[in-house]
Amino acid sequence: MAEDIRKSEVGSSSVWAKTRSLWPSVLRWIPTSTDHIIAAEKRLLSIVKTPYKQEQVNIGSGPPKSKVRWFGSASDEPRFINTVSFESKEDSPTLVMVHGYAASQGFFFRNFDALASRFKIIAIDQLGWGGSSRPDFTCKSTEETEAWFIDSFEEWRRAKNLSNFILLGHSFGGYVAAKYALKHPEHVQHLILVGPAGFTPESDASSMKIARFQTTWKGAIIKHLWDSDFTPQKIIRGAGPWGPDMVRRYTSARFGSYSTGEVLTEEETKLLTDYVYHTLAAKASGELCLKHIFSFGALARSPLLQSASDWKVPTTFIYGFDDWMNYQGAEEARKHMKVPCEIIRVPRGGHFVFIDNPNGFHSAILYACRRFLSPDPDKEFLPEGLTSA
């Protein structure tokens, strides 16, 4: 069903992949490779009934006239964004979906069928994650790091010749989507931010708790790890052949018996675990953005609250009732926005509300996009069960 057109890459990251591919998985300390990611993606998306196309979109070596290259060098080596596009009706609005930190587009596997019935769905792996190219990450500042993600997304958009699309971002992907819409509002019809990072106000009680925690010896150690490029993925890589079992226990707990909404089936859990492991254990790249975008405690160094008055794109925020991201940050931002803004809360869902409660999530998306889908959007009412903040 999928069209696997993975293109060979040259340079450091591809040498890494090709060298590792010469050894059977059972003989590697880290039993994965670039090809394993794409194969795991194909297995996970076999659950999806809607036909789709997978492609590697060439974004070149960096933004035109920019000194910042995707891989920190002056090389003209091209890089690629892993992209899946689902079949849809000819006149359907386009919905571009961007994943969060330590995730990739396959995390939306429970949503593709339902949303493809109303939208032209295009989902991507951000540069440095999933099945996309994984250049060496050499950014040294918040500005450079934001450019890495925003400009690579813009080059992807140009390569796909897209405009007038609805842009959805989850968590860190919401942060990137919002920053992109601030820089390129002319291409985005509507912005949907799902549990987005970057809106937590400085006065938030959790921020104060984090500040107090940093004064303890435990807090000091964790902060040191944060500032030294330590990421959860390093634990998975360090575990070597035991890494897959660690991921299995995590996915079974987070999306299984402890899920707040619709529990994953045994098959879904198995396929998601396999997919998550290969995306986490692969070469470190985009994951190293963390300390440049967020200070310790996931507080944005360049808060989106500060840009709320510059918002130019109508926006819908979606949060699960049990999301650890605080929706009150979105409420504060809305006070300063000069464009339409709604905040929707979905029951039986946490930070991964689109996995926990897919039906509630789909209802929220359809309501958020009613002016693109309904002949009389003003007569549409918030679906039962959802709450407007």
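**Helix packing, nonpolar cores and a buried aspartate**

In this predicted model, the axes of helix H2 (residues 34-44) and helix H10 (residues 266-281) approach within 9 Å and cross at roughly 160°. Since angles over 145 degrees count as roughly antiparallel, H2 is therefore roughly antiparallel to H10. The crossing of the two helices is left-handed. On the H2 side, the pairing involves His-36, Ile-37, Ala-40, Glu-41, Arg-43 and Leu-44, which meet Leu-271, Leu-272, Asp-274, Tyr-275, His-278 and Thr-279 of H10.

We can turn next to the nonpolar interior. In soluble globular proteins, nonpolar side chains tend to be buried together. Here, the largest nonpolar core holds 52 residues, and the members touching the most others are Phe-153, Trp-156, Leu-167, Phe-172, Leu-191, Trp-311 and Phe-317. Helix H5 (residues 172-183) supplies the largest share of this core, with seven residues. A second, separate core contains 49 residues, among them Ala-40, Ala-123, Ile-236 and Ile-344. Returning to Phe-153, its contacts beyond four places in sequence are Val-96, Val-98, Ile-124, Phe-165, Leu-167 and Tyr-180.

Asp-125 lies in the loop that links strand S4 (120-124) to helix H4 (142-160). Its relative accessibility is 0%, so Asp-125 counts as buried. The Asp-125 side chain reaches the backbone nitrogen of Gly-131 at 2.7 Å. With neighbours within four places in sequence set aside, Asp-125 is in contact with Glu-41, Ile-81, Asn-82, His-99, Ser-104, Gln-105, Gly-130, Gly-131, Ser-132 and Tyr-275.

Key. Residues are numbered from 1 along each chain as its sequence is written. This is a predicted model: local features need pLDDT of at least 70, side-chain atom pairs count only at pLDDT 80 or more; totals for chains, interfaces and linings use all residues. Side-chain values use heavy atoms; hydrogens and water are left out. A nonpolar core is a set of buried Ala, Val, Leu, Ile, Met, Phe, Trp, Tyr and Cys residues joined through side-chain atoms within 4.5 Å. Buried means under 20% relative accessible area, exposed over 50%, partly exposed in between (1.4 Å probe, protein chains only). Helices (H or I, at least four residues) and strands (E, at least two) are DSSP runs, numbered from the N terminus. Contact means heavy atoms within 4.5 Å. A polar contact is a pair of N or O atoms within 3.5 Å; within protein, one must be able to donate a hydrogen and the other to accept it, and residues adjacent in sequence count only if both atoms are side-chain atoms. Axes are lines fitted to C-alpha atoms, for helices over the stretch in contact, and angles run from 0 to 180 degrees between N-to-C directions. Angles under 35 degrees count as roughly parallel, over 145 as roughly antiparallel, 65 to 115 as roughly perpendicular and the rest as oblique. A crossing is left-handed if the near helix is turned anticlockwise from the far one by less than a right angle, and right-handed if clockwise.
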